[in-house]
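This report walks through one protein chain for a reader who has not seen it before.

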Amino acid sequence: MDGIIFGICTVAGLLVTALCTRRAVGNPRVSTWSIAAAFGICTLGVFFAVPVVAQAAEDATGVANVGKLIAHICAILWCAALQITMVDLTYRSEYLRAAMFQRAFAAMVELAIMVPLFLAANEPDMEFTTAYVHNESVAAYLLIYLSYVLVTCGELAFMCGRTAQRNWGIRPWSGAGYALSPMAATLGIAYTVSKGSYIIFYLVDDPWPLDVEEVVSPSLSGLAVLFLFLGLTLPMVGALRERLRQRKQPAGSTQAS
């Protein structure tokens, strides 16, 4: 299941990253470059989340679970880049610099906690998944990671919803895209709640079947990524349509004259 979901996300990510980078080159600003960076980071992360790729990374580096660590680092940086994107689109320019430092600092603190904990707990016969939460270090690592994702997804849902409201009826493609983005953030929240609550209930000796969690959580995560890809791509499609329409108008006027 993980291989199929994250493989599809990787292919979609490559396409969207290319489109975002092209847009950023033509319209350079904080939000366009942050979106391109976010999708590039996300694509790298979901690529290393594919089990075959993760195993190849372990074989190449000799470090157990290195693929999982890379995927989680990318998830943290992806969330931070998306926050900076939405801050640029949602708030006034004078707030942007402070907001960028705040989000970047929060991400660095998260990584400063996660990475040492990972390295201290990492063993060849262990995986950083819910199947190994009987290990207290694994459980703590996952809960710290999920807590950060939960908070950032909550903020993204709010900011994307606010941006969708501002664009609704004025820029249809942007309005629709930013309306899908809160759905993606909500799915991200559902993912963290699903996985995090399983860990908590496991620690109190009352979890639901692991087989269910291993299907539900990756599905929610994959859907969140795909919805976000679609949501942040639609405004670019709308902008492209508008540019093509503006190019055709002078040509039509010339022919008429």
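## Helix packing and selected residues

Helix 4 and helix 5 (residues 93–121) pack with their axes 9 Å apart, at an angle of about 170 degrees. The model is a predicted one. An angle over 145 degrees counts as roughly antiparallel, and helix 4 and helix 5 are therefore roughly antiparallel to each other. On the side of helix 4, the contact involves Leu69, His72, Ile73, Ile76, Leu77, Ala80, Gln83, Ile84, Val87 and Asp88. These meet residues of helix 5, among them Tyr95, Leu96, Arg103, Glu110, Met114 and Phe118. The residues of the contact of helix 4 with helix 5 divide into 17 nonpolar, 2 polar and 3 charged.

His72 belongs to helix 4. With a relative accessible area of 7%, His72 is buried. Apart from its neighbours within four places in sequence, His72 is in contact with Met114, Phe128, Tyr141, Leu142 and Tyr145. His72 and Val138 are 66 residues apart along the chain, and their C-alpha atoms are separated by 13 Å.

Helix 4 (residues 66–90) also packs against helix 2 (residues 30–49), at an angle of about 160 degrees and with the axes 8 Å apart. That makes helix 2 roughly antiparallel to helix 4. The crossing of helix 2 and helix 4 is left-handed. In helix 2 the contact residues include Val30, Ser34, Ile35, Ala38, Ile41, Cys42, Gly45 and Phe48. Among those they meet in helix 4 are Gly67, Ile70, Cys74, Trp78, Ala81, Thr85 and Asp88. The residues of the contact of helix 2 with helix 4 divide into 17 nonpolar, 5 polar and 1 charged.

Helix 2 also approaches helix 3 (residues 51–61): the axes come within 5 Å and cross at roughly 85 degrees. Angles from 65 to 115 degrees count as roughly perpendicular, and helix 2 and helix 3 are therefore roughly perpendicular to each other. Phe47, Phe48 and Ala49 of helix 2 make this contact with Pro51, Val53, Ala54 and Ala57 of helix 3. The residues of the contact of helix 2 with helix 3 divide into 7 nonpolar, no polar and no charged.

The unreviewed UniProt entry lists "transmembrane region" for residues 5–21, 33–57, 69–89, 101–119, 139–158, 179–200 and 220–240.

Which residues have a positive phi although they are not glycines? Asn65 has one of about 65 degrees, and Asp205 has one of about 65 degrees. Asn65 is found in the loop between helix 3 and helix 4. Asp205 is found in the loop between helix 7 (172–203) and helix 8 (210–256). Asn65 is buried, whereas Asp205 counts as exposed.

Gly26 lies in helix 1 (residues 2–26). Gly26 and Leu14 are 12 residues apart in sequence, and their C-alpha atoms are 19 Å apart in space. Ala56 is found in helix 3.

| Residue | Relative accessible area | Class |
|---|---|---|
| Asn65 | 5% | buried |
| His72 | 7% | buried |
| Ala56 | 44% | partly exposed |
| Gly26 | 67% | exposed |
| Asp205 | 69% | exposed |

The classes follow from two cut-offs: buried means under 20% relative accessible area and exposed means over 50%, with partly exposed in between. Ala56, with a relative accessible area of 44%, is therefore partly exposed.

Notes:
Residues are numbered from 1 along each chain as its sequence is written. This is a predicted model: local features need pLDDT of at least 70, side-chain atom pairs count only at pLDDT 80 or more; totals for chains, interfaces and linings use all residues. Side-chain values use heavy atoms; hydrogens and water are left out. Axes are lines fitted to C-alpha atoms, for helices over the stretch in contact, and angles run from 0 to 180 degrees between N-to-C directions. Helices (H or I, at least four residues) and strands (E, at least two) are DSSP runs, numbered from the N terminus. Angles under 35 degrees count as roughly parallel, over 145 as roughly antiparallel, 65 to 115 as roughly perpendicular and the rest as oblique. A crossing is left-handed if the near helix is turned anticlockwise from the far one by less than a right angle, and right-handed if clockwise. Contact means heavy atoms within 4.5 Å. Ala, Val, Leu, Ile, Met, Phe, Trp, Tyr, Cys and Pro count as nonpolar, Asp, Glu, Lys and Arg as charged, and the others, Gly among them, as polar. UniProt positions are given in the numbering used here, feature names are shortened, and annotations may be inferred rather than shown by experiment. Buried means under 20% relative accessible area, exposed over 50%, partly exposed in between (1.4 Å probe, protein chains only).
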